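Work through the exercises below with the sequence and the structure at hand. Try each task before reading its solution.

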Amino acid sequence: MAVGVLMPKEGITVESCVMGEWKKQVGDQVNVGDILFSYETDKAEFECESTAAGTLIEIFYQEGDEVPCLVNVCAIGNPGEDTSALKNAAPASEAPAAPAAAAPEAPKAAAAAAPAGPCAQAVIMPKEGITVESCIMGEWKKNVGDTVAVGDVLFSYETDKAEFECESTAAGTLLARFYEEGDDVPCLVNVCAIGNVGDAFEHLKYGAAAPVAEAAPAPEAPKAAVAAAPAGPCAQAVIMPKEGITVESCIMGEWKKNVGDAVAVGDVLFAYETDKAEFECESTAAGTLLARFYEEGDEVPCLENVCAIGNAGDAFEHLRPGSEVPAPAAAPAAVETAAPAAAAAAPAARLAISPRAMAKAVANNVNPAMATGTGPKGRIIERDIDKLIASGAASYAAPAVAPAAAPVADDEYEDVKFNAVRKATAKSMTKSLSTMAQLTQQYSFDATQIQAYRKMLKELEGPMSKISLNDMVMFAVAKTVGSCADLNANMVEDNVVRHFKHVHLGFACDTPRGLIVPTIFNADQKSLLEISMEAKELAAAAREGTLSPDKMSGATFTVTNIGSFGCEAFTPVINPPQTGILGVCNIQTKIKSAKDGVIATYPAMGLSLTLDHRVIDGAPAARFMQELCKTLENFMTLLAK
């Protein structure tokens with residue numbers, strides 16, 4: 001059967017690409033890894049390598065066409081095979097219930113057509129940020145023949161920025177390793193194969209020259225926690241994306257597809273959010289949505305299976321997270337009837353129950369402990385409470401003795417659950433204050449010159465007129481903080497400080513969802529206008545919830561400004577692993593002794609520097625603040641440098 005090659009998705013914000021020159025023509029023989037065509041985004045030009053082997057049967061787009069990401073661009077197979085089902089023109093509702101399409105973001109997945117029998121699953125090299133193209137393979141933590149569970153660490157790898165560990169996305173036996181320590185591995189390429197002994201895996205190798213792996217020895221007795229894939233036809237899993245290298249989990253939003261719906265590659269399956277922004281997940285498989293493993297409001301680990309897509313009758317239970325944990329057996333009816341009070345007495349906090357299910361149980365005055373959980377790992381979810389309500393189960397018993405004080409009426413208060421941003425902020429700030437020796441120094445400087453310059457700029461037209469006092473402070477910080485290496489730094493270990501050669505300036509931004517800190521990279525190399533324009537662009541994206549996680553990490557120093565709210569001085573909290581943060585306060589009128597002993601007034605802007613005393617002492621921090629204040633007081637001189 002012919003297979004499609006997809007238009008790659010170069011970054012989470014890229015929706016379409018412009019087709020460039022075709023390097024292969026209809027009728028040409030194609031191997032996995034051959035360059036098929038060039039294409040470009042609004043940022044750069046790329047080349048697409050084939051993910052299939054065979055004959056180029058049909059080309060669906062030509063040079064100059066704008067092609068949506070993750071849409072089939074051409075068909076590869078054997079001459080004469082039908083390609084109509086692969087064309088993008090077919091609407092999602094007409095998507096055939098054919099075998100599920102290959103995952104789009106694994107561009108070098110197959111060296112040959114997949115065999116008809118049981119097949120192993122591939123684990124790919126992660127993509128740590130949209131600018132990372134390849135990683136260096138580190139130490140393997142598993143050997144061929146070892147039993148692997150989902151979440152087990154398979155190997156370490158590194159980019160030019162940091163070192164990471166790759167957790168398995170499949171369970172079974174490690175059948176083959178396609179790369180070894182020291183290899184430079186392209187992102188999203190298959191690194192190894194996992195399945196049952198005897199499963200086919202040669203088609204997963206990248207490139208025809210890939211060495212043949214030695215036969216896997218007999219596996220050890222599988223762990224109790226591993227659910228082996230069945231021998232028959234299997235569905236494909238769609239995983240929770242990983243939006244940025246620091247994101248560990250996401251909150252599940254609204255499902256756009258229901259069980260039983262037809263799904264095409266690229267269809268939006270569900271919405272989800274991180275602590276920074278909201279996103280939509282597009283399907284990486286085609287067929288029917290057979291099962292959903294999480295529901296709205298659930299917190300889902302990144303790279304965890306979220307749903308199963310395939311043909312009706314395909315096995316999918318082995319894909320369910322925690323499928324190795326048997327569903328709790330329903331309690332005998334006699335026990336339920338005889339001891340409802342005992343069940344009601346069980347603390348709700350000990351139940352594995354979703355927030356929506358608990359809310360519905362409380363609203364309907366039913367005991368959630370009497371429900372049988374059908375969610376992941378036996379968790380009680382909303383449908384279980386619905387079933388309990390429909391069964392006419394016993395309600396909570398009224399207390400025999402009235403409480404000493406009358407409870408507050410429900411309409412007298414409102415319980416507000418932390419959103420993802422607030423949870424992340426709470427976690428980060430708690431960690432910051434509990435792990436650092438923080439010290440704050442208060443300063444002020446004469447703001448006469450920056451106020452005069454701001455007044456002059458306001459009379460101009462264009463972006464120059466929008467430069468703010470805060471932009472000027474950030475510009476001055478970017479030009480001076482490099483003189484104090486311990487403040488333009490990250491604390492990477494208990495006794496290791498990483499000094500940066502350039503200033504990546506974070507700035508606190510108030511948004512409807514909470515505090516967001518975008519990063520202006522290489523701020524020390526940018527002009528005042530460039531910093532002003534980039535800060536406004538990043539802040540707008542943060543408020544709209546569209547800012548990429550890659551734009552919210554990597555800062556070496558942060559500025560936070562609440563002076564517009566009248567704050568005279570405060571203690572900003574450092575954003576780990578940074579070692580310092582500068583708070584900008586309001587402008588107050590102060591007095592100073594002028595010439596001949598005359599007392600004069602001047603506008604004084606307050607600055608609050610919090611530093612990590614483990615890394616830097618008070619004296620060098622004070623010298624930096626002296627330099628910063630002097631620079632701001634003589635701002636025109638700074639512009640001339």
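**Exercise 1.** Decide whether Cys-250 and Cys-484 are buried or exposed in this predicted model.

Solution. A residue is buried when its relative accessible area is under 20%. Cys-250 has a relative accessibility of 1%, so Cys-250 is buried. For Cys-484 the value is 9%, so Cys-484 is buried as well.

**Exercise 2.** Find how many disulfides the structure has, then examine Cys-250.

Solution. Searching the whole structure gives zero disulfides. For Cys-250, the nearest cysteine sulfur belongs to Cys-302 and is 4.0 Å away. A disulfide needs two cysteine sulfur atoms within 2.5 Å. Cys-250 is therefore in no disulfide.

**Exercise 3.** Determine which residues of helix α4 are buried and how they are arranged around its axis.

Solution. Helix α4 covers residues 382–390, and its buried residues are Asp-384, Ile-385 and Leu-388. Viewed down the axis of α4, these residues lie within an arc of 100 degrees, so they line one face of the helix. An α-helix has 3.6 residues a turn, so positions three or four places apart point the same way. On the face of α4 turned away from the buried side are the exposed residues Lys-387 and Ala-390. After α4 comes Gly-392, with a positive phi near 75 degrees.

**Exercise 4.** Describe the largest nonpolar core and the contacts of Val-477.

Solution. The largest nonpolar core has 50 residues. Val-477, Leu-487, Leu-582, Leu-607, Leu-609, Leu-628 and Phe-635 touch the most other members. Beyond its neighbours within four places in sequence, Val-477 contacts Leu-505, Phe-557, Val-559, Leu-582 and Leu-628. Another core, of 29 residues, lies apart from this one and includes Val-185, Val-191, Ala-193 and Leu-204.

Terms used. Residues are numbered from 1 along each chain as its sequence is written. This is a predicted model: local features need pLDDT of at least 70, side-chain atom pairs count only at pLDDT 80 or more; totals for chains, interfaces and linings use all residues. Side-chain values use heavy atoms; hydrogens and water are left out. Buried means under 20% relative accessible area, exposed over 50%, partly exposed in between (1.4 Å probe, protein chains only). A nonpolar core is a set of buried Ala, Val, Leu, Ile, Met, Phe, Trp, Tyr and Cys residues joined through side-chain atoms within 4.5 Å. Contact means heavy atoms within 4.5 Å. Helices (H or I, at least four residues) and strands (E, at least two) are DSSP runs, numbered from the N terminus. The arc is that of the directions from the helix axis to the C-beta atoms.
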